Amino acid sequence: MDEFIKLLDENLNYVNHEIVGDTIFIYVVSNRPVVICPYCGKTSAKTHSHYERRFQDIPMQGKKV
């Protein structure tokens, strides 16, 4: 898992992971202090919302990711 964490996007911080059955869940958070609004193009440091995103990747160690 340590090798995988090194491959994460530089804008993401690893939080933890868990293995449930045949699936690995990897939890990360954004570390960007400022982002650009996709609608108006202005920068903002204020958090407007929190949400989870789910994505799937190729299997790792024979388990779903």
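**The cysteine pair**

Modeller: The sulfur of Cys-37 lies 3.7 Å from the closest cysteine sulfur, that of Cys-40, which is too far for a bond; a disulfide is a pair of cysteine sulfur atoms within 2.5 Å. Cys-40 is likewise in no disulfide, the nearest cysteine sulfur being that of Cys-37. A search of the whole structure finds zero disulfides. Cys-37 is partly exposed, with a relative accessible area of 27% (buried means under 20%, exposed over 50%, partly exposed in between, with a 1.4 Å probe and protein chains only).

This is a predicted model: local features need pLDDT of at least 70, side-chain atom pairs count only at pLDDT 80 or more, and totals for chains, interfaces and linings use all residues. Residues are numbered from 1 along each chain as its sequence is written, and side-chain values use heavy atoms, with hydrogens and water left out.

As for the background, buried residues make up 8% of the 65 residues in the chain. The chain has one helix and four strands, in the order α-β-β-β-β from the N terminus (DSSP runs, H or I of at least four residues for helices and E of at least two for strands, numbered from the N terminus). Its C-alpha atoms fill a box of roughly 45 × 20 × 15 Å along the principal axes. Of the contacts with a separation of 6 or more, 22% are between residues 24 or more positions apart, where contact means heavy atoms within 4.5 Å.
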